[in-house]
Amino acid sequence: MNSNSITRTYTASGAIVAGRAVYITGANTVAQGNAAGLPGGIALAAAADGESVDVCISGVCLASAGAVLTPGTHDFLVSDANGLLDPASSDGERYIARFLGERAAADGDTAIPVCVEFGFFYVAP
């Protein structure tokens, strides 16, 4: 945890990898990834099924990329089915974080600074 983030402790439903997006599955419970799920935040540590996991629910933390991210080009990030973050591209997508653009990120990069916030992505007409 750092002074630039707000965290909450949940119970893991299934294995969770640090730096991956999680979604809410029930009362005080999260699971890794799911592009269609209700975003919960970014897991700050790995957890096995049934273990406690700290999740960044707002503010700055490190996450894992599922695609190339380019400063000045990509902003809003969505979770793929594995909890990796990809650029938002379609109207109505639920985004989970914003890319801070401190450096370019490659697909699979596990230390990308992001700002966790939730909302819906819309493409300007």
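1. A residue counts as buried when its relative accessible area is under 20%, as exposed when that area is over 50%, and as partly exposed in between. In this predicted model, Arg98 has a relative accessibility of 28% and therefore counts as partly exposed.

2. Arg98 takes part in a network of salt bridges that links it with Asp75 and Glu117. With Asp75, the side chains meet at 2.5 Å, taken from N to O; because Asp75 lies in the loop between strand E5 (52–63) and strand E6 (76–79) while Arg98 lies in strand E8, this pair ties together parts that are 23 residues apart in sequence. Asp75, at 28% relative accessibility, is likewise partly exposed.

3. With Glu117, the closest N and O atoms of the salt bridge to Arg98 are 3.9 Å apart, and the pair links strand E9 (residues 112–120), which holds Glu117, to strand E8, across 19 residues of the chain. Glu117 is partly exposed, its relative accessible area being 27%.

4. The structure holds 3 salt bridges, among them one between the side chains of Arg103 and Asp109, at 2.7 Å from N to O. Here Arg103 is partly exposed at 37% relative accessibility, whereas Asp109, at 18%, counts as buried.

5. The model contains 1 cavity of 30 Å³ or more, and the largest cavity has a volume of about 70 Å³. Its lining is made up of 12 residues, of which Asn34, Gly37, Pro39, Ser79 and Ile96 are the closest to the centre. Strand E2 (21–26) and strand E8 (94–99) are the elements that give two or more residues to this lining, which divides into 8 nonpolar residues, 3 polar and 1 charged.

How values were computed. Residues are numbered from 1 along each chain as its sequence is written. This is a predicted model: local features need pLDDT of at least 70, side-chain atom pairs count only at pLDDT 80 or more; totals for chains, interfaces and linings use all residues. Side-chain values use heavy atoms; hydrogens and water are left out. On a 1 Å grid over the protein atoms alone, a cavity is a set of points where a 1.4 Å probe fits but cannot get out, and a pocket is an open set with protein on both sides within 12 Å along at least five of seven lines; lining residues have an atom within 4 Å of a point. Grid points are joined across faces, edges and corners, and a volume is the space filled by probe spheres set on the points. Helices (H or I, at least four residues) and strands (E, at least two) are DSSP runs, numbered from the N terminus. Ala, Val, Leu, Ile, Met, Phe, Trp, Tyr, Cys and Pro count as nonpolar, Asp, Glu, Lys and Arg as charged, and the others, Gly among them, as polar. A salt bridge is a side-chain nitrogen of Lys or Arg within 4 Å of a carboxyl oxygen of Asp or Glu. Buried means under 20% relative accessible area, exposed over 50%, partly exposed in between (1.4 Å probe, protein chains only).
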